[in-house]
Amino acid sequence: MQTLAQQQLDQTPALAKLNLVVEAADRNTIRLRLPLAGNTNHFGAMYAGSLFSLAEFPFGVLFLNEFAEKPLLPLIGEMSIRYLKPVVTDATVTVTVSDEEWAEIEAKTLADGKFKFERTAEVVDTTGDVVCKTTGTYFSVMKPT
């Protein structure tokens, strides 16, 4: 799945420009790394928009792989981010979804045509310090026919 996840990143033009790297991926977990090089702002720290993209994208990759054969799609409805400190190294995010969460998403979407839920994520620098936190409101919806 790591190769498939990297292909999804590379085929999304805006994300490909960030040079994100899929460090690990399986059915329930994905870890992405955002290099500092090429993602700096006016004072040499990580650009805030790059950090936002790093945190927003991984759940969708897991979702699309989990439900590739099912008529479900992920949508982001809202996302907030709290920047805790300037990032002057590469940054990583790890997103994990349990088997129980997948089952709930599928069951409720199939039953109601749509399911709204919240996900959180923490982005860390290379020392392991949490540099930003996100909360996203996601929707699982039925693919249009």
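Student: What relative accessibility does Arg27 have, and how does it count?
Tutor: Arg27 counts as partly exposed, at 39% relative accessibility (buried is under 20% relative accessible area, exposed over 50%, and partly exposed in between, with a 1.4 Å probe and protein chains only). This is a predicted model, in which local features need pLDDT of at least 70, side-chain atom pairs count only at pLDDT 80 or more, and totals for chains, interfaces and linings use all residues. Residues are numbered from 1 along each chain as its sequence is written, and side-chain values use heavy atoms, with hydrogens and water left out.

Student: Which side chain does Arg27 meet in a salt bridge?
Tutor: Arg27 meets Glu66, with 2.8 Å from N to O (a salt bridge is a side-chain nitrogen of Lys or Arg within 4 Å of a carboxyl oxygen of Asp or Glu). Because Glu66 lies in helix α3 (residues 48-66) and Arg27 in the loop between β1 (21-25) and β2 (29-34), the pair ties together parts that are 39 residues apart in sequence. Helices (H or I, at least four residues) and strands (E, at least two) are DSSP runs, numbered from the N terminus.

Student: And what does Asp129 pair with?
Tutor: Asp129 forms a salt bridge with Lys85, the closest N and O atoms being 3.0 Å apart. Asp129 lies in the loop between β5 (114-125) and β6 (130-142) and Lys85 in the loop between β3 (72-83) and β4 (91-96), so this pair ties together parts that are 44 residues apart in sequence. Asp129 is partly exposed at 35%, and Lys85 is partly exposed at 34%.

Student: How many salt bridges does a search of the whole structure find?
Tutor: The search finds eleven; elsewhere, Glu23, Arg31, Arg33 and Asp90 are linked in a network of salt bridges.

Student: Switching topic, in what order do the strands of the sheet come?
Tutor: Six strands form an open sheet with antiparallel pairing, in the order β1-β2-β4-β5-β6-β3 (two strands pair if DSSP finds at least two bridges between them). Strands β1 and β3 stand at the edges with a single partner strand each, so one side of each is left without a neighbour in the sheet. From one strand to the next, the twist averages 25° (axes are lines fitted to C-alpha atoms, for helices over the stretch in contact, and angles run from 0 to 180 degrees between N-to-C directions).

Student: Which strands does α3 touch?
Tutor: Helix α3 packs on the sheet and touches β2, β3, β4, β5 and β6, its direction making about 150° with that of β3 (contact means heavy atoms within 4.5 Å). Helix α4 (residues 99-112) lies across β3, β4, β5 and β6, and runs at about 150° to β5.
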